[in-house]
Amino acid sequence: MGATFKCPHCHVGVPDAAKVCPGCNAEIEYGTPMRLKLLIVSLVAIIGLSGSAELPESLIYIAWIIGIVIGLGLLALARRFFANRVAFKRVYKMPR
(Lines give C-alpha, C1' and ligand atoms only; values in the text may rest on other atoms or scores of the structure.)
Protein backbone atom coordinates (compact mmCIF):
# COMPACT_ATOMS: atom_id res chain seq x y z
CA MET A 1 0.00 0.00 0.00
CA GLY A 2 1.72 3.17 -1.21
CA ALA A 3 1.17 6.83 -0.55
CA THR A 4 -1.46 8.38 -2.79
CA PHE A 5 -0.87 12.08 -2.08
CA LYS A 6 1.49 14.38 -0.19
CA CYS A 7 0.77 16.51 2.83
CA PRO A 8 0.96 20.22 1.90
CA HIS A 9 2.48 21.00 5.31
CA CYS A 10 5.31 18.50 5.68
CA HIS A 11 5.42 16.90 2.18
CA VAL A 12 5.29 13.36 3.61
CA GLY A 13 3.45 10.70 1.63
CA VAL A 14 0.00 10.02 3.09
CA PRO A 15 -1.75 6.67 2.63
CA ASP A 16 -5.19 6.63 1.09
CA ALA A 17 -8.09 7.11 3.59
CA ALA A 18 -5.75 8.20 6.42
CA LYS A 19 -7.35 10.34 9.14
CA VAL A 20 -4.08 12.00 10.23
CA CYS A 21 -0.86 12.82 8.40
CA PRO A 22 1.90 10.50 9.65
CA GLY A 23 4.48 13.28 9.33
CA CYS A 24 2.95 16.31 11.04
CA ASN A 25 -0.29 14.97 12.57
CA ALA A 26 -2.48 17.31 10.47
CA GLU A 27 -6.10 16.17 10.51
CA ILE A 28 -7.41 15.10 7.11
CA GLU A 29 -11.00 15.81 6.08
CA TYR A 30 -12.55 14.24 3.00
CA GLY A 31 -15.65 15.25 1.06
CA THR A 32 -18.15 17.95 1.91
CA PRO A 33 -16.96 20.40 4.60
CA MET A 34 -18.79 20.03 7.92
CA ARG A 35 -19.61 23.76 7.97
CA LEU A 36 -21.51 23.42 4.69
CA LYS A 37 -23.46 20.42 6.02
CA LEU A 38 -24.42 22.43 9.11
CA LEU A 39 -25.46 25.38 6.94
CA ILE A 40 -27.75 23.12 4.89
CA VAL A 41 -29.32 21.64 8.04
CA SER A 42 -29.86 25.18 9.34
CA LEU A 43 -31.54 26.11 6.07
CA VAL A 44 -33.93 23.15 6.43
CA ALA A 45 -34.82 24.34 9.93
CA ILE A 46 -35.39 27.91 8.72
CA ILE A 47 -37.67 26.74 5.91
CA GLY A 48 -39.63 24.49 8.26
CA LEU A 49 -40.00 27.11 10.97
CA SER A 50 -40.89 29.96 8.61
CA GLY A 51 -43.45 27.77 6.88
CA SER A 52 -44.88 26.82 10.25
CA ALA A 53 -45.42 30.50 11.01
CA GLU A 54 -47.02 31.29 7.63
CA LEU A 55 -49.15 28.22 6.89
CA PRO A 56 -52.32 27.07 8.60
CA GLU A 57 -51.76 24.55 11.38
CA SER A 58 -53.09 21.65 9.28
CA LEU A 59 -50.39 22.27 6.62
CA ILE A 60 -47.31 22.83 8.79
CA TYR A 61 -45.85 19.45 7.85
CA ILE A 62 -45.70 20.56 4.20
CA ALA A 63 -43.15 23.27 5.02
CA TRP A 64 -40.97 20.70 6.77
CA ILE A 65 -41.27 18.26 3.85
CA ILE A 66 -40.29 20.99 1.40
CA GLY A 67 -37.35 21.98 3.59
CA ILE A 68 -36.15 18.39 3.90
CA VAL A 69 -36.42 17.77 0.15
CA ILE A 70 -34.46 20.95 -0.58
CA GLY A 71 -31.88 19.99 2.07
CA LEU A 72 -31.42 16.49 0.67
CA GLY A 73 -31.01 17.93 -2.82
CA LEU A 74 -28.40 20.41 -1.63
CA LEU A 75 -26.53 17.68 0.27
CA ALA A 76 -26.50 15.50 -2.86
CA LEU A 77 -25.14 18.40 -4.94
CA ALA A 78 -22.49 19.18 -2.32
CA ARG A 79 -21.48 15.52 -2.14
CA ARG A 80 -20.99 15.42 -5.90
CA PHE A 81 -19.19 18.78 -6.00
CA PHE A 82 -16.79 17.89 -3.14
CA ALA A 83 -16.30 14.20 -4.07
CA ASN A 84 -12.53 14.56 -4.57
CA ARG A 85 -11.85 17.07 -1.79
CA VAL A 86 -9.03 16.32 0.63
CA ALA A 87 -8.30 19.04 3.21
CA PHE A 88 -5.40 19.02 5.67
CA LYS A 89 -6.02 20.93 8.89
CA ARG A 90 -3.10 21.74 11.11
CA VAL A 91 -2.85 24.20 13.97
CA TYR A 92 0.44 26.06 14.06
CA LYS A 93 1.57 27.17 17.50
CA MET A 94 4.00 30.00 18.02
CA PRO A 95 6.97 29.21 20.26
CA ARG A 96 6.98 31.03 23.59
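**A loop residue and its setting**

In this predicted model, E57 is found in the loop between α1 (34-54) and α2 (60-81). Its relative accessible area is 72%; because exposed means over 50%, E57 counts as exposed. A second residue gives a sense of distance: L38 is 19 residues apart from E57 along the chain, and their C-alpha atoms are separated by 28 Å.

Read along the sequence, the elements follow the pattern β-β-β-α-α-β. The radius of gyration of the protein chain is 20 Å, well over the 12 Å that the globule rule gives for 96 residues, so the chain is more spread out than a compact globule. Along the principal axes, the C-alpha trace spans about 60 × 40 × 15 Å.

Of the 96 residues, 22% count as buried, whereas E57 is exposed. Where contacts join residues at least 6 apart in sequence, 45% of them link residues at least 24 apart.

The surface and the charges may be taken together. The accessible surface of the protein chain amounts to about 7400 Å², and carbon and sulfur atoms account for 64% of that area. The protein chain carries 11 positive and 5 negative side chains, and Glu is counted as negative. The centres of the two sets lie 16 Å apart.

Conventions
Residues numbered from 1 in each chain as written. Predicted model: local features only at pLDDT ≥ 70, side-chain atom pairs only at ≥ 80, totals over all residues. Heavy atoms only, no water. Helix = DSSP H or I, 4+ residues; strand = E, 2+ residues; numbered from the N terminus. Rg over C-alpha atoms; globule rule 2.2 N^0.38 Å. Buried < 20%, exposed > 50% of the residue type's maximum accessible area, 1.4 Å probe, protein only. Contact = heavy atoms within 4.5 Å. Areas by Shrake-Rupley, 256 points an atom, 1.4 Å probe, with all protein chains shown as cover. Charge placed at Lys NZ, Arg CZ, Asp CG, Glu CD.
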